[in-house]
Each structure stands twice: as structure tokens, then as C-alpha cells.
Amino acid sequence: MNTNDYISQVDRVSAHNYHPLPVVLRRGEGEWVWDVEGKKYLDMLSAYSAVNQGHRHPRIIEALKEQADSLTLTSRAFHNDQMGPFLEQLCETTGFERALPMNTGAEAVETAIKAARKWGYLVKGVPEGQAEIIVCEENFHGRTTTIVGFSSDHGSRHGFGPFTPGFVTIPYGDADALAAAVTPNTVGFLVEPIQGEAGVVVPPEGFFGRAVEVCREHGVLMINDEIQTGLGRTGKLFCGDWDGSRGDIMIVGKALGGGVIPVSGILSSSEIMDVFTPGDHGSTFGGNPLGAAVAQAALDVILEEDLAGRSNELGTWFMDRLREIDSPHIDHVRGRGLFVGLVIKDESGSARPFCEALQARGILAKETHEQVIRFAPPLVIERATLEWALDHIAEVVQGAEVAVG
Ligand SMILES: *Cc1c(COP(=O)(O)O)cnc(C)c1O
């Protein structure tokens with residue numbers, strides 16, 4: 001089968017809930033991937049930052065194979081010998097007392113919502129059924145019905161109601177709006193330290209610090225969704241570290257699974273985690289030994305190869321270079337570390353044709369929210385490779401290959 005065969009097969013047998021670039025990949029190594037025609041590409045998306053360690057990192061694949069040869073799944077009806085060591089490492093790495101493992105990001109967000117609500121009833125004393133959680137406009141926290149119910153993106157929620165009540169929306173980055181939205185029934189403030197899916201939107205300087213103060217003052221749990229921004233992506237281990245806060249509950253996922261297997265979870269104090277009792281929450285695959293073994297290797301790689309430091313150094317340099325590009329189509333460049341959004345001017349049309357032109361040159365990047373090209377390569381990338389990519393990006397955003405507007 002060739003590229004078109006694979007694409008038409010998926011069109012025929014699957015739901016049409018994505019609009020992928022027309023490339024069919026077969027192999028990956030580090031920051032590189034190859035398609036079924038044998039063409040090589042630089043991966044500048046990293047599966048939405050789930051592949052921070054690079055494709056098939058040898059150490060992670062070794063952990064996967066070794067664990068696959070002994071035990072893969074027990075459910076939580078029994079203990080296994082990988083979950084404890086994994087969660088202890090995760091707690092030690094992040095500075096939280098407790099961790100609760102899930103699989104996908106959306107499940108971990110749901111877990112955080114349930115923890116905050118139950119904490120609100122049991123600890124804060126909110127009347128039963130009245131808990132409120134504050135969220136931000138343009139948020140992305142996943143795809144379950146509860147989560148899309150508090151999305152402001154029409155496409156994400158339209159046709160999927162009725163939705164779970166108890167969520168209040170404020171503009172992203174507005175600490176005054178946060179303070180004004182808090183009521184005695186507010187249990188949590190769910191926030192992305194940088195909004196990834198919204199187009200790598202960095203909040204105004206000082207917002208995060210003030211949000212932490214507002215939450216502390218009113219007994220509201222700050223819930224940091226670090227699923228995409230965490231584990232080195234933004235140039236610190238966690239993006240909240242730029243403002244000195246990992247939240248009262250921190251949600252992790254994506255790169256925690258090392259680009260191999262879904263592993264997610266929430267982290268918190270014992271006071272919060274102890275609201276859970278046997279039977280009130282769970283997941284068949286959450287904490288499975290295969291994922292736990294992979295996640296330990298995934299964390300080791302991030303820490304030992306200082307991927308956060310690499311992201312900071314290379315990202316700062318990369319963004320400076322992008323800002324030097326003289327193109328009539330670039331509105332501005334924003335981001336932190338190797339988490340970068342290049343915003344195409346409204347009058348230059350969608351970012352999609354620019355991504356298609358990059359694809360033709362062997363660079364895979366994906367548009368997000370129409371106007372933004374997101375650059376988020378695996379953090380193991382070499383400077384020379386980024387240099388090569390920059391030359392192509394500079395030429396592509398001149399627009400010669402693109403039907404602009
Ligand atoms: C990807 C993402 C999620 C959802 O993760 P899934 O594994 O796709 O369910 C939640 N929050 C943020 C910030 C994300 O980027």
C-alpha cells in the first residue's frame with residue numbers, strides 16, 4: 001500500500017474526527033520519522049509533547065521490553081511491584097506527597113475534578129452538590145463530556161450536550177476576573193500554565209503568581225494542568241516553576257509515558273488525596289506495571305539528560321532566530337523553551353498551507369487554531385538540526401510556495 005491507499009483506508013473505516021497532514025509514518029528514531037515511501041521528516045510536533053524524549057528512546061524501549069517479559073497488567077485488585085517505585089519516584093521528582101495513576105490526560109483531569117470536588121465537600125465544607133470550579137476561556141483539558149462541557153471552543157462542544165454543571169469561565173490570564181469569580185463554593189481553579197491547544201498562549205507576566213495568591217487567600221485549590229507543558233517542554237521541569245508554583249493538584253500525562261504507552265496521573269498533598277476511599281475512583285489500566293516501568297525510564301531520561309535545560313537553552317535561541325525572520329506573513333512569535341507558536345497574520349490566511357509547505361520540505365509541524373504553527377520538537381534535538389529547520393522555516397514563511405490569503 002502507498003500513502004494514498006493508507007489514507008483512503010482510514011477515511012473509509014474510521015471516524016472523520018481529525019484533519020491530519022497527508023503523511024503516513026512507519027518508523028521513528030529520536031527527532032526523526034520516516035513515511036511509508038521512505039521519506040525522512042523532522043518531527044516538530046512530538047505527538048503534542050508526548051514524545052519529549054524522542055521516538056523510541058533506547059532506555060525507554062529497554063524498560064518496555066524487560067517489563068513485557070515479566071508482567072504487564074494486574075488491575076488494582078492486586079498490587080504489582082512497579083507501581084509503588086514509579087509513584088515514589090514521581091513524588092520525589094515533583095515534591096508532592098501523593099500520586100494517583102491514570103492513563104490518558106483526560107482521565108487525569110477528571111480525577112483532579114473529582115478530588116477537588118470531594119475535598120470541597122469533606123474539608124472545605126461546601127454544601128453537597130454546590131461545588132464550583134473556575135476554568136479559563138480557550139482552555140484545552142481533554143475530550144470527555146464533562147471536560148468539553150466547559151470548553152469555549154464551538155467545535156469541541158457543539159452537539160455533545162447536556163453538560164456537567166459546576167464550572168465557571170474567566171478570561172485566561174486575568175487575575176482580577178479570577179478573584180471576582182471566587183465564591184464560598186469555589187473548590188478549584190483549573191488552569192494550563194501555557195495554553196497549548198489554544199496556540200501556545202503565554203499568560204501575562206505576574207498572572208500566575210497572583211492566581212496562586214487568590215487561591216490561597218480563598219481556600220481554593222490551584223489545579224495546574226501540566227499534561228502538555230510539563231516534563232521539560234517549556235524549559236523548566238514544570239511550566240509553573242517559571243512562577244514558583246506547581247499548584248495544589250498537578251496533572252501530568254503525555255511525556256510521562258515516554259512516547260510509548262499512555263501514563264497520566266494527579267499529584268497532591270495527603271490531605272487532598274485522602275478524600276478518596278476504596279471504591280470511589282479507579283481505572284483498570286491505571287498503575288499497570290508496564291506503564292509504570294516505562295514511566296520510570298521516561299522520568300530518568302528527562303532528568304539525567306537534563307531535557308528541561310536543553311529546552312530552555314535551545315528554545316530561547318530558536319525563538320530569537322524565528323523573530324529575526326523578515327516575512328510579511330509573521331504576526332509574532334511566542335512561547336517558552338521549545339514550546340513555540342509562530343502566529344501567521346490574519347490577512348495571510350490559515351497556517352495550514354505553511355504546514356503543508358514545510359511537510360514537502362521534510363518538516364512536520366501542525367497548525368493549531370487556524371493562525372498558529374506550533375513548533376515543539378523532541379527535546380533531544382540537536383542545535384544543528386534546528387539550524388537546518390530554521391533555514392527551511394524562514395523560506396516557507398516568505399510564502400513563495402503558499403497560496404496566501
Ligand atoms: C493533551 C492534553 C490533555 C488531554 O490528554 P489526552 O491524553 O489526550 O486525554 C489535557 N490537557 C492538556 C493541557 C493537554 O495538552
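I looked up the ligand first: the space it takes is the largest pocket. I note that the model is a predicted one.

**The pocket.** I looked up its volume and found that the largest pocket holds about 1600 Å³ of space. I then went through its lining, which comes to 48 residues. Tyr18, Tyr48, Arg143, Glu197 and Arg374 are the lining residues that lie nearest the centre of the pocket. The elements giving two or more residues to this lining are helix H2 (46-49), helix H5 (105-124), helix H7 (154-157) and strand E14 (366-368). I sorted the pocket lining by class and have 19 nonpolar, 17 polar and 12 charged residues.

**The shell around the ligand.** Next I listed the residues around the ligand: Thr104, Gly105, Ala106, Phe140, His141, Gly142, Glu192, Asp225, Ile227, Gln228 and Lys254. By class, this shell has 3 nonpolar, 5 polar and 3 charged residues.

Which backbone atoms come within 3.5 Å of a ligand oxygen? I found a polar backbone atom of glycine 105 at 2.8 Å from an oxygen atom of the ligand. I also found a polar backbone atom of alanine 106 at 2.8 Å from a ligand oxygen atom. For side chains, I noted lysine 254, which has a polar side-chain atom 2.7 Å from an oxygen atom of the ligand.

**Burial.** The ligand taken alone exposes 390 Å², and the protein buries 81% of that.

Conventions:
Residues numbered from 1 in each chain as written. Predicted model: local features only at pLDDT ≥ 70, side-chain atom pairs only at ≥ 80, totals over all residues. Heavy atoms only, no water. Near = heavy atom within 4 Å. Polar contact = N/O pair within 3.5 Å; in protein donor to acceptor, adjacent residues only side chain to side chain. Areas by Shrake-Rupley, 256 points an atom, 1.4 Å probe, with all protein chains shown as cover. 1 Å grid on protein atoms, 1.4 Å probe; cavity = no way out; pocket = protein on both sides within 12 Å on 5 of 7 lines; lining within 4 Å. Sits in = over half its atoms within 2 Å of the grid points. Nonpolar A, V, L, I, M, F, W, Y, C, P; charged D, E, K, R; others polar. Points joined across faces, edges and corners; volume = space filled by probe spheres on them. Helix = DSSP H or I, 4+ residues; strand = E, 2+ residues; numbered from the N terminus.
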